[in-house]
Amino acid sequence: MTYNPIRNELATAGEDLLRRFEAGESVVELVQARSAVIDDVLIRLWNDTVLDCDAALVAVGGYGRGELHPFSDIDVLLLLPESLGPGHEEVLSAFIALLWDIGLEVGHSVRTVAQCFDEASTDISVATTLMESRLLTGPDELFAAMQEIIQPDRMWPSAVFFEEKLKEQISRHHRYHDTAYNLEPNVKGSPGGLRDIQMIAWVAKRHFGASTLAELVDHKFLTPGQLQRLRDGEHFLWRIRFALHTLTGRREDRLLFDHQVRLAEMLGYEDASYTLAVEQLMQRYYRTVMELSRLNEMLLQQFEEAILMDPNAPATRLNDRFEVKNGFLKTVDEGVFGRDPSAMLELFLLLQQHPELRGVSAYTVGSIKRHLALINDEFRQNPRNHRLFLDILRAPEGVTHELRRMNLYGVLGLYIPSFGRIVGRMQYDLFHAYTVDEHTLFVVSNLRRFALQRFNDEFPHCSQIMQSMEKPEIAYLGGLFHDIAKGRGGDHSELGAVDAEAFCLEHGLSTYAARTVAWLVRHHLILSTTAQKQDLGDPDVINAFAEIVGDPAHLDYLYVLTVADVRGTDPKLWNSWKAQLFRDLYELTKRALRRGLENPIESEQLVREKQDKARRYLEAAGVDDDRIAAIWKLFDDHYFLRYRSSEVAWHTEWLAAADTDSDIGLVDIRRRRTGDGLEAALFTPQTKRTFAHVTAVLDQLGMTIMDARIVPLDNDYSIDAYVFMESDERVSIDAERIAKIQQALTRVLTAGDDEVTTVTRAVTRQARMFSTQTRVDFSQGKTDGQTILELTTADRPGLLSKVGQVFIKQGINIASAKIMTIGERAEDVFYISDRAGRPIAKAAQDELADALVEELK
């Protein structure tokens, strides 16, 4: 018997649903229509193949709710009588095989009523699936018997059911890092996703027997407005999910970078002046799930109060506006916010002052939402509200927690309208792991951790600085405003500084404090870019940076904000190398400020100090003075400026014990003394030009190169130093791994220019979605003979090696490379000269730029 006509029927139905989707038809009708198509096919096939069998065919899960997207799993239960007739088991197996034969992805279970009871009573997920069951065909009484045995009086009473489902949700949210703002969210499982809506429906069904969310309005658990927001949010997520299935041709719930641009186009978004279509789509997504998260929290808390708590418990008054009942803060009546809108800020301050409270009652959360319109210009100009907000910011505990709660409840974005514009705003790149508002609150959270002694072990230096500040709120306000102008066009640092200063002055901060906050916002990127892109061994760089900073207080604020900012951009971005660079720049600048800007430190003094410190290391290690002097004859002042005293000591001790007359050179590797990763030093003839070889070898071995410095010596050799880390943090650097790297680098010493290792590692899936145009810019370095080349291009395996090979062909010497990767984009800086050690001439610059663009296109 052939079932090709049914295959064709399903394909035609799918094409029809797609046409209707593209025409803008309601997604609600489409998911129900898909379910109806499958109902019809399954019932016909059952009636054709399953004869004289008292089993029932039951739709369960999402299919049981009558909601199917194009490639949703079709979950069915074959509900059996206590005994089957001869041959019926084979008939049922053939039925399931037939469903797969016609192209349906079916999830099925086969159980009797008794087996349903046994499974469901011990597994809440099975019980939940059966709660959503729907009889397709078969004996009504058999289905009714199954429904009867899963009732709350037989298993999972509503209180136990609620507690277990709440644990499930908490565990699921943990898998998504407890944020809806991941770059590639899951529309079903992430916080605020479809599963959170289903969670509400499950609890409602268990407690009230409600078959729809609309029935919660009758039970006074939802207002009509809240019900509409739930439905609107669900339908928006359904539309995204329907489009995802259509785009990918499979069941796909992840909003991957691979799909976001095409999805935005499919859903009708268009690029605007300052906002890409994909950013508009994702901002609406994030704002939707934020609202759904708020409703989920409020309703589950309302269920908790109704199911688990004593509704007649006495309330304890805190003041004329608030009381505590069952551990939750609530207003004394519905009219509090209407009579006194400032209470909407006071609520968050009370939560800080009473850390024993479990949260805000669902009743009060709903009341806040209903009164948000009162947060208007008059509210924002009220001095009492200014004091309340600053008290929240200055509180000894709970600052970050309450700012997050203010954002979740919609208060923060209304009180600071410019913050409201960045709520849910994503940046379509691989550098920023969170939306702008989520990142901002992470930055404030990081600053708060520096301020609290119980976190001193995380960043001791930042903690020491932060805890010594007389006005830490300046740092918090800098963090709150540093990215607040993202998406407006223009320089967000300059625009944000204007907003920050106006806000601070309006809130009664001193002119000095307001200008300091504005200065922080205006310059919040400069410490990071200076540390990662410029030569910190150059006294001119330090003196120029010190002039911008001006005094130690500004330096302290900028330093802690920078560390908090980088850590809050993407946890994977922070590493010990960045920590060391930032700390080096901080210490060098602090020293320059102590000397006075009118008395900048000279190169000669720095060299003497490094030599003295390195000599103490070497004497302690037992290195002979004569041997030190012999090695240091090879080093010029430029060498001592480029390396730390500990590195000078390492290189000297290594070369003092080695054969420096080797024709091929030497290699040494050590673990970094100030953090994770490794350092390699090569003592090699200058004619070898090993940069292209070394970077290729390290890249192929799975290492991320952080820094490269190549300093020529007076004997026609050079010391080439590299700092690198494992790209995959799961790989441990043990002695065997170090030996493998050393062997590979040793082979570089004998390799010819045309024997560069081919890097075969693939570009990541996410990075393939971006196209970064290669840009080459030149400037003249302050050091004689050096030209600075800034390269912006798409990051990829083997990039540095390709650049190095171009340099070889163009006759370029590399003095150092500052490696900076910003998500999918590389922003590397090379200090270079020609073969004679002179700056690169203009014509040669143009030729070099063309060669790089051609190689990297």
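Strand β6 (residues 322–325) pairs with strand β7 (residues 328–331) in the antiparallel sense, over four bridges. Here, helices (H or I, at least four residues) and strands (E, at least two) are DSSP runs, numbered from the N terminus, and two strands pair if DSSP finds at least two bridges between them. Within this pairing, E323 has K330 of β7 as its bridge partner.

The model is predicted, with local features needing pLDDT of at least 70 and side-chain atom pairs counting only at pLDDT 80 or more, while totals for chains, interfaces and linings use all residues. Residues are numbered from 1 along each chain as its sequence is written, and side-chain values use heavy atoms, with hydrogens and water left out.

On a 1 Å grid over the protein atoms alone, a cavity is a set of points where a 1.4 Å probe fits but cannot get out; a pocket is an open set with protein on both sides within 12 Å along at least five of seven lines, and lining residues have an atom within 4 Å of a point. Grid points are joined across faces, edges and corners, and a volume is the space filled by probe spheres set on the points.

By this rule there are four cavities of 30 Å³ or more. The largest cavity holds about 70 Å³, and its lining consists of L536, P539, I542, L588, R591, A592, R595, I601 and L606. Two or more of these residues come from each of α28 (539–549) and α30 (576–595), and α30 contributes the largest share, four residues.

The second largest cavity, of about 50 Å³, is lined by R229, E291, R294, L295, M298, V365, G366 and K369. Both α13 (277–307) and α16 (362–371) supply at least two lining residues; α13 gives the most, with four.

The second largest pocket contains about 1,600 Å³ of space. Of its 49 lining residues, D178, E297, H401, R404 and L408 lie nearest its centre. Elements giving two or more residues to this lining include α13, β8 and α19 (399–408), and the largest share, eight residues, belongs to α19.
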